[in-house]
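The sequence and structure come before the details.

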Amino acid sequence: MQDLDRQIQEEELFLRLGWFIRLRWAFLASLATIVLLTTLVFKIALPVPQIFGVWLVILVYNTALWLYHRFFMAERTPDPRATRTEAHLQIGVDLVALTAMIHFAGGVENPFCFFYLFHAIIGSILLTRAEVWSHGILAYGLFLTVVILEYLEILPHYTLARLYAVPRHQNELFILGVSLSLLVTLFTTIYMSSSVVHSLRARGAELLQTRRMLRKKTEDLEEANRVLQEKQSQLVQSEKLVSLGQLSAGVAHEINNPIQFIQGNMRILSESMETILPILDNHASEYGDFRIARLNYPFFRQHVTTLLTDMTNGAVRIAAIVRDLKKFARMDEGRLDEMVDLNEVVQASVRLVHNKIKRYQIVEDLDTHLPAIPGSSTKLEQVVVANLINAAEALGDNPDGKI
């Protein structure tokens, strides 16, 4: 919390320095107005050249500070040490200038000596408690120095003739009263203003820490939401696989029996053709050319074996797909002790989703010497099938798609 409070002070200090420069412009304008009213309206004799000299000094260093912030610090990252040094310098120079102004405007007789309170309040806004107290002591010390030097006639006293008939800069009781009043008022102001500002800074630090905690909670919630969306996507994909498995089980069951009949009949037809073809050859040699199923016998004789082989291979392929579907839809997914051929897993998965990926170029890079590993072929097939489906969906209608 202390580090956070310190950080807030440094950031606030840099921002307030520019505000302090703008406030000084207002002070210069007010001072010029007061001097004019005092001399022209109220006819109070003031050492205008000396006051104007102090006014001019304040104008010069405030202009320099304004240019420094406007052109030099605008594109730089503020240095906390340099910023704090500048704050001390600004307040210290202002205290000296204010003390000189009070000296030329009556010294202890000047009712505006309580302008030190404004610097106490400003210091409480900009600096730490210890630094504010040090500037308060400096301000009071400067005031007492001027009062004592005027009392000892080391410094000349500028009398406010219209306010006091008799100069009071050597009246011990008057000096004591004004000095004690300034002391009590100045230090009370420092205590109250620094306490209020410190409390506000503590509240600001708590609010900043709360905001950071809220930001962290928001980031955690966003991360949790992202993970939840990923889990939801995985769940949807799992549900798709479950539905595919259920559908596969039903399709495999419906197709399995007809395929067995077809395979059995194809074997009988192949064996029958081995017997029938010699008879047909003898018939063709005796009676010449004839037609079978609207085909000339020589053409039929040349292609019938290929037709039967293609039909047998097609039935074998359908049987393999049915077998893959049945294996994919098995419910013994908890078993991880079967010896799995990874190449067969890939090939079976490709067969299962052939209709979805057939439009793309499928590149298989399989290691024929890869040994079998213990695991679950069903789970591995689900992984490969899911990736193949995702790849096909990602490729979309890309005619040059490659998986």
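## Helix H10 and Ala391

Ala391 is found in helix H10 (residues 377-395); helices (H or I, at least four residues) and strands (E, at least two) are DSSP runs, numbered from the N terminus. At 24% relative accessibility, Ala391 counts as partly exposed, where buried means under 20% relative accessible area, exposed over 50% and partly exposed in between (1.4 Å probe, protein chains only). Ala391 and Lys402 are 11 residues apart along the chain, and their C-alpha atoms are separated by 9.0 Å.

The model is predicted: local features need pLDDT of at least 70, side-chain atom pairs count only at pLDDT 80 or more, and totals for chains, interfaces and linings use all residues. Residues are numbered from 1 along each chain as its sequence is written, and side-chain values use heavy atoms, with hydrogens and water left out.

## Overall fold

The chain contains 10 helices and 4 strands. Their order from the N terminus is α-α-α-α-α-α-β-β-α-β-α-α-β-α.

Of the 403 residues in the chain, 33% count as buried. Among the contacts in the chain with a separation of 6 or more, 82% come from residues 24 or more positions apart; contact means heavy atoms within 4.5 Å.

## Packing of H3 with H5

Helix H3 (residues 80-104) packs with helix H5 (residues 129-151) at an angle of about 25°, and their axes are 10 Å apart. Axes are lines fitted to C-alpha atoms, for helices over the stretch in contact, and angles run from 0 to 180 degrees between N-to-C directions. H3 is therefore roughly parallel to H5; angles under 35 degrees count as roughly parallel, over 145 as roughly antiparallel, 65 to 115 as roughly perpendicular and the rest as oblique.

On the H3 side, the contact is made by Arg84, His88, Ile91, Gly92, Leu95, Val96, Thr99 and His103. H5 contributes Glu131, His135, Leu138, Ala139, Leu142, Phe143, Val146 and Glu150. These residues divide into 8 nonpolar, 5 polar and 3 charged, with Ala, Val, Leu, Ile, Met, Phe, Trp, Tyr, Cys and Pro counted as nonpolar, Asp, Glu, Lys and Arg as charged, and the others, Gly among them, as polar.

## Packing of H3 with H4

H3 also packs with helix H4 (residues 116-126), at an angle of about 175° and with the axes 11 Å apart. This makes H3 roughly antiparallel to H4. The H3 residues in the contact are Arg84, Ile91, Asp94, Leu95, Leu98, Thr99 and Ile102, and those of H4 are Tyr116, His119, Gly123 and Leu126. By class, the residues of this contact are 6 nonpolar, 3 polar and 2 charged.

## Helix H8

Asp341 caps the N-terminal end of H8, with a side-chain oxygen 3.1 Å from the backbone nitrogen of Asn343. Within helix H8 (residues 342-352), the buried residues are Asn343, Val345, Ala348, Ser349 and Val350.

Arg70 belongs to helix H2 (residues 48-72) and is partly exposed, with a relative accessible area of 45%. Arg70 and Gly18 are 52 residues apart in sequence, and 9.2 Å apart in space from C-alpha to C-alpha.

Glu153 lies in the loop between H5 and helix H6 (172-287). Its relative accessible area of 57% makes Glu153 exposed. Although not a glycine, Glu153 has a positive phi of about 60°. Most residues other than glycine have a negative phi.

Terms used: Polar contact = N/O pair within 3.5 Å; in protein donor to acceptor, adjacent residues only side chain to side chain.
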